[in-house]
Amino acid sequence: GQAGPELTGYMHRVPAAASLMLELARRDLGQLDLARIKAFVEREFPSDAKTTRPSVLSLLSPERVVLDLQCSDWDDVVTTLVSRLTLGSGISPSDLVRRIHERDDLSSSWIGGGFALPHAVVPELEPMATIALLSSPLDAATPDGAPIAWAALLTTPRADSVHLERLSSFARFADSNVFSELRRARSATHVLEILRDLESTR
């Protein structure tokens with residue numbers, strides 16, 4: 001594809017870019033970390049090029065939105081999110097929860113701004129997502145020290161560029177102001193309407 005020559009040419013013109021890429025490699029960043037960086041770059045340095053990002057809202061429905069979730073720990077949050085998915089016979093809820101925690105062990109899903117984004121590559125499943133708004137924020141070792149106020153769960157059959165785009169789309173919601181907007185929601189449908197408005201402006 002064109003990415004190779006384009007990237008090589010850019011690094012030749014801007015040698016510091018190669019140093020930055022090396023720093024990313026040294027840190028062995030995972031997909032969610034890269035999604036956060038991608039969201040930051042797109043927010044701070046918007047491109048004039050017209051690109052079509054996959055909408056994460058196409059994976060959601062009112063049945064996959066949990067309002068006022070009462071939970072005692074992070075496992076409760078993940079288990080509740082998984083319970084809203086229709087998994088079929090290929091994988092059990094407990095197995096999906098296990099896979100999510102295993103991926104969490106590699107790189108935390110707690111990304112700041114009161115938001116968490118647990119996710120997993122699950123070949124047995126089509127791309128799916130769920131959302132939960134917590135009734136009381138959950139204390140956790142988040143990057144900015146803010147407790148977790150809401151979370152989204154994302155599954156994908158492949159760790160491809162589309163999945164990275166979806167992670168990046170969700171990562172754009174890692175902002176305390178977003179949760180302030182969501183707290184106004186009167187129903188699951190209202191939550192999706194608010195996110196749709198926010199997605200169109202980010």
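# Rings, cores and charges

Visitor: Which residues form one aromatic cluster?

Guide: Phe115, Trp150, Phe170 and Phe173 make up one aromatic cluster. Keep in mind that this is a predicted model.

Visitor: How many aromatic pairs does the count come to?

Guide: The count comes to five aromatic pairs. One of them is Trp74 with Trp110, which is edge-to-face, at 5.8 Å centre to centre with 90° between the planes.

Visitor: Which parts of the chain does that pair link?

Guide: Distant ones: Trp74 sits in helix 4 (residues 74-83) and Trp110 in strand 2 (residues 110-112), 36 residues apart.

Visitor: Is Trp74 buried or exposed?

Guide: Trp74 is buried, at 10% relative accessible area.

Visitor: Trp150 and Phe173: buried or exposed?

Guide: Both Trp150 and Phe173 are buried.

Visitor: What does Trp150 touch, leaving out residues up to four places away in sequence?

Guide: Quite a list. Among its contacts are Gly114, Phe115, Ala116, Ile131, Leu133, Phe173, Phe179, Leu182 and Leu195.

Visitor: OK, cores. How many residues does the largest nonpolar core have?

Guide: The largest nonpolar core has 32 residues, and those with the most contacts inside it are Leu117, Ile131, Trp150, Phe170, Phe173, Leu182 and Leu195.

Visitor: Which helices and strands each supply at least two residues of this core?

Guide: Helix 3 (31-44), strand 5 (128-138), strand 6 (148-156), helix 6 (161-171), helix 7 (176-182) and helix 8 (188-200) each supply at least two. Helix 8 gives the largest share of this core, six residues.

Visitor: What does the second, separate core include?

Guide: That second core has 24 residues, including Trp74, Val78, Ile91 and Met128. In general, nonpolar side chains in soluble globular proteins tend to be buried together.

Visitor: Changing topic: how many salt bridges does the count come to?

Guide: Seven salt bridges. Asp95, Arg98, Arg99, Glu102 and Glu124 are linked in a network of them.

Visitor: Let's take that network apart. What do the side chains of Asp95 and Arg98 do?

Guide: They meet in a salt bridge, 2.2 Å from N to O. Asp95 and Arg98 are three residues apart in helix 5 (residues 93-106), which means they are separated by about one helical turn.

Visitor: And Arg98 with Glu102, how many residues apart in helix 5?

Guide: Four residues apart, so Arg98 and Glu102 are separated by about one helical turn. Their side chains meet in a salt bridge as well, with 2.8 Å from N to O.

Visitor: Where does Asp95 fall, buried or exposed?

Guide: Asp95 is buried, with a relative accessible area of 18%. Arg98 is partly exposed at 40% relative accessibility, and Glu102 is partly exposed at 42%.

Visitor: Which residue forms a salt bridge with Asp160?

Guide: Arg158 does, with the closest N and O atoms 3.6 Å apart. Here Asp160 is partly exposed, at 26% relative accessible area, while Arg158 counts as exposed at 52% relative accessibility.

Visitor: Back to helix 5. What about Asp104, is it buried or exposed?

Guide: Asp104 lies in helix 5 and is buried, with 14% relative accessible area.

Visitor: Which side chain does the side chain of Asp104 make a polar contact with?

Guide: With the side chain of Trp74, at 3.0 Å. Leaving out residues up to four places away in sequence, Asp104 touches Trp74 and Ser109.

Visitor: One for the backbone: what is phi of Asp68?

Guide: It is near 55°, a positive value in a residue other than glycine. Most residues other than glycine have a negative phi.

Visitor: Where is the place of Asp68?

Guide: Asp68 is in strand 1 (residues 65-69). Asp68 is exposed, with a relative accessible area of 59%.

Technical notes
Residues numbered from 1 in each chain as written. Predicted model: local features only at pLDDT ≥ 70, side-chain atom pairs only at ≥ 80, totals over all residues. Heavy atoms only, no water. Salt bridge = Lys/Arg side-chain N within 4 Å of Asp/Glu carboxyl O. Buried < 20%, exposed > 50% of the residue type's maximum accessible area, 1.4 Å probe, protein only. Polar contact = N/O pair within 3.5 Å; in protein donor to acceptor, adjacent residues only side chain to side chain. Contact = heavy atoms within 4.5 Å. Core = buried A, V, L, I, M, F, W, Y, C linked by side-chain atoms within 4.5 Å. Phe/Tyr/Trp six-rings, centres within 6.5 Å; stacked < 30°, edge-to-face > 60°.
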